[in-house]
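Please open the structure in your viewer and keep the selection tool at hand.

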Amino acid sequence: MDPRRRHLLKGAASLGTLGITVGAGLVPATALADWPAKAFGLRDERQAIDLTEGEGRLEISRVSITAPDIAENGAVVPVSVESDLPNVVSITLFAEKNPFPLNSEFQLGEGVVPYVSTRVRLAESQHVTAVAKTADGKLYGGKKLIKVTIGGCGG
Amino acid sequence: MARRQGTIRMRAREEGGVTKILTLINYKIVTGLVRDKKTKEFDVEKPQSFVKTVTVSVNDKQVFTGNLSIGSSSDPFLALKVKGAKNGDTVKVHWVDNNGDWDELSQAIGA
């Protein structure tokens, strides 16, 4: 087969994907983004934060994490994040020493209070970081050290 | 790509203009990171299985998206607070996992 034809076909295929992406952009902003596979696959916390939040300056203030100081079971650690900031559009949780530091990402639509509570899995004792992003793109963070008696990677 | 019936439990209560929505998904998360004790290889018999995305809508308007990962506990739990909703409004919780399985539940606030 003519290799150029192959190339052309490939080009058309990627154009098709592009078309879909552009189409998806037309969905109202509340029908928020897809699952960010690339960021969830990163092994380094710093990179994961940069990729999900953009490389803005992260200020550690005005975001508080409520979680136990010592978690007996790393497989189920209750974590609540709260902020007094106005116009928070997303809250993201990172666990620096987990195999994949990006833990979960919450996108808050209109009328949602900057608060989220969940249960995470921690591989070992570590700092958990919560990052809140405001509508103007500023980043605020909170950090908390959680000690884990039994790691949560199994199961 | 099948629907798993009855996996969601939800409670939504309005108090002082703020509705707190608590939701619990009955789901066993498999991290895929467990190694076989003898061979030290990843156990391929237990492929990853986790809830990928949870969305919450109030009166058919999507207000919340949670992108989760294998870093969430089994039986993922979420709590959030929404302003402006009132008793009787419908809250819908929907989840989809990495294999395309899903479930959803609609319930009135205060019910």
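What follows is a list of stops, each with something to select and a note on what is there.

This is a predicted model, in which local features need pLDDT of at least 70 and side-chain atom pairs count only at pLDDT 80 or more, while totals for chains, interfaces and linings use all residues. Residues are numbered from 1 along each chain as its sequence is written, and chains are lettered from A and ligands numbered from 1 in the order in which they are written.

**Chain B.** Select chain B, where you will find zero helices and seven strands (strands being DSSP runs of E, at least two residues, and helices runs of H or I, at least four, numbered from the N terminus). Its C-alpha trace spans about 55 × 25 × 20 Å along the principal axes. The radius of gyration, taken over C-alpha atoms, is 16 Å, whereas a compact globule of 111 residues would have one near 13 Å (by the rule of 2.2 Å times the number of residues to the power 0.38).

At the chain B end, β1(B) pairs with β2(B), residues 18-25, over eight antiparallel bridges, and B:I8 has B:I25 as its bridge partner. Where the chains meet, four bridges join β7(A) to β5(B), residues 77-83, and A:T118 is partnered there by B:L78.

**The contact between chains.** Now select the residues that touch across the chains: 34 from chain A and 28 from chain B (contact requires C-beta atoms, placed from the backbone, within 7 Å). On the chain A side, β7(A) gives the most, with eight residues.

**The core.** Finally, select A:I91, A:L122 and B:L80, which touch the most other members of the 54-residue largest nonpolar core. Such a core is a set of buried Ala, Val, Leu, Ile, Met, Phe, Trp, Tyr and Cys residues joined through C-beta atoms within 7 Å, and a residue is buried if 20 or more other C-beta atoms lie within 10 Å of its own. Leaving aside neighbours within four places in sequence, the contacts of A:I91 include A:V81, A:F106 and A:V116.

Technical notes
Buried ≥ 20, exposed ≤ 12 C-beta atoms within 10 Å, placed from the backbone. Contact = placed C-beta atoms within 7 Å. Pairing = 2+ DSSP bridges.
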